[in-house]
Amino acid sequence: MRASQFHIRTTKETPNDAEIVSHQLMIRAGFIRRLGSGLYTLMPLGLRVVRKIEAIVRDEMNSAGAVELLMPSIQPAELWEESGRWEKFGPELLRIQDRHGRDYCLGPTHEEVITDIARRDIKSYRQLPLNFYQIQTKVRDEVRPRFGVMRSREFIMKDAYSFSLGEESLQACFDQMHTAYCNVFDRMGLEYRAVEADSGSIGGAQSREFHVLADSGEDAVVYATEGDYAANMEKAAVVCQTSRGDASESMATVDTPGVHTIAELSAKLDINETQCLKTLLVKGTTTAVVALVLRGDHQLNEVKAEHLDEVASPLTMADANDIKTAANCDAGSIGPVGLSIPVIADADAATMSNFVCGANENGKHLTGVNWGRDLAEPQIRDLRNVIEGDLNPMGTGTLKIVRGIEVGHIFQLGSAYSEAMGATVLDENGKPQVMQMGCYGIGVTRVAAAAIEQNNDAQGIIWPESIAPFEAVICPVNMVKSEAVQAAAEVLYQELKAAGIDVLFDDRPLRPGAMFADMELIGIPHRFVISDKLLANDEVEYRGRRDSESSVLSRSDVLTKLRK
RNA sequence: CGGGGUAUGGCGCAGCCUGGUAGCGCAUCUGCUUUGGGAGCAGAGGGUCGUAGGUUCGAAUCCUGCUGCCCCGACCA
């Protein structure tokens, strides 16, 4: 490709509405252009990257035996009513009506459509297992689109759906996709982790998220210092490592006017937050509210809490009236002593002794409180987020927390959709059996952004070779003045093209500095400079995008350099 | 949806407080010079100051409503 015939628009100024580096660089280098909130045009450079990512994904999916198809973005409401998600999905589902007033949605995901296809097309266990995938534009009416293409309302996603008979076959499909995903991210040269994830309300099944590690990531990823345990924050299990001390103090009431938070409480009484007990009231299933108690320095894990039978789903904090009724005080003064509602304690909270908690009376707290003596022993569950230094639940080492960008998710759906929509096959006995499903997603456009988050410097983007918009660029110095440079650049360009290299020939009449700056901003991995001076010795200058200095090589070594 | 911010040529901003001819940098166009790290000089084009109303002789500027966008919280690839 000749740069003069390719649309390259770069800017020195950083757009003021771009917060994270990938967004800034994608805009500055002209990969994307914003059309509206969460809506982006993929400019020619951006599309090239996306196409390369798609090619890798497609290749690995095909290798894993998945077959590609393409489903419509517009989906009839009836299908979503069948699965129950027309109601459940909420405002993120962008709904539209046609001219006849019929309801549709713009597909945020395609379980319904694919299950409809499966139930019509798959009749026999002999056809299984089968894995369909597509690379397609998804629409989600995000509450808050941000970070450019990282969280946009319209984005490109690879989604695959497997159909199996029996859980063993589902597991095999899942494992196969796990391997394929690792291959995909390996080939893109990304630093990532596959982590255990919560499987949500469907329950039981396996779920794994693939996170590209980056400080700007929106998710917390937990991993063990030893062994290969890794999970997202929602899922990461806590191993209680403390045991309860003796009840050496007696319970007493202290005045704590104006104290509402654990931080204020520990400051007021000059004690550590670990000595305070935090009590949260949430809506319950059989009772109006349920008390959840945690050690003061610990954070409630809302997903874990939501899974409890006693707790209403979705998790809802009790409102002021509920609190008044249950605890006879305001939030900030609640404690578990004397409550007549279920009290569920995090394991670490249950091992506390002589602790401080709210007295269920505004402006008062209790000190020296002990389980079993001052109040009944609580139910014990894992309720909190892990913190750095917690024990690895697998028994080796401790846990660390890093930030991650979720770029992929593989998930065993089981029979959730196939059962609701009647997707069955006949087994070898001629009996109808509900198919087991798995679903597997990769956020293609998000991968591009994640790759930049992980690979950039002050000059701009540093694309991993496999997804760079161009593999190499030829920069002729002062080509307008030198026919020799022009001719040599042209020859090299033709040579690299013939060798199958995806090469950009920067034939724009730019001064060298501007040209280099552009190409570094755009992030092309390999640069070859041609000038009169170099030509005199039959040489070419080479610089890898990560190199701090250029090197000079013989003209004949250019291809070898690229093939290395 | 709650909280905060912002809206002025394509982009980044100043001007607003204290009302009186809309300005700067980048980008664009023309010419000359320049050509190994985002060139210099000279010239040119481009803005109903988000929108609707109000105050005023006069509003980018003061007041009110609305809208867009961005950032912080609950969702997801």
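The numbered points cover the conventions, then individual pairs.

1. This is a predicted model, in which local features need pLDDT of at least 70 and side-chain atom pairs count only at pLDDT 80 or more, whereas totals for chains, interfaces and linings use all residues. Residues are numbered from 1 along each chain as its sequence is written, and side-chain values use heavy atoms, with hydrogens and water left out.

2. The whole structure contains 37 salt bridges, a salt bridge being a side-chain nitrogen of Lys or Arg within 4 Å of a carboxyl oxygen of Asp or Glu.

3. Arg119 and Asp116 form one such bridge, at 2.8 Å from N to O. Helix H5 (residues 111–121) holds both residues, three residues apart, about one turn of the helix; helices (H or I, at least four residues) and strands (E, at least two) are DSSP runs, numbered from the N terminus. Both Arg119 and Asp116 are buried (under 20% relative accessible area; exposed is over 50% and partly exposed in between, with a 1.4 Å probe and protein chains only). A network of salt bridges links Asp116 and Arg119 with Glu82 and Arg120.

4. Glu218 pairs with Arg151 in a salt bridge whose closest N and O atoms are 3.3 Å apart. Glu218 lies in the loop between strands S10 (207–213) and S11 (219–224), and Arg151 in the loop between strands S7 (130–139) and S8 (154–164), so the pair ties together parts 67 residues apart in sequence. Glu218 is partly exposed, at 29% relative accessible area.

5. In the salt bridge between Arg244 and Glu377, the closest N and O atoms are 2.9 Å apart. This pair links distant parts of the chain, 133 residues apart. Arg244 is partly exposed at 34% relative accessibility, and Glu377 is partly exposed at 45%.

Key. Chains are lettered from A and ligands numbered from 1 in the order in which they are written.
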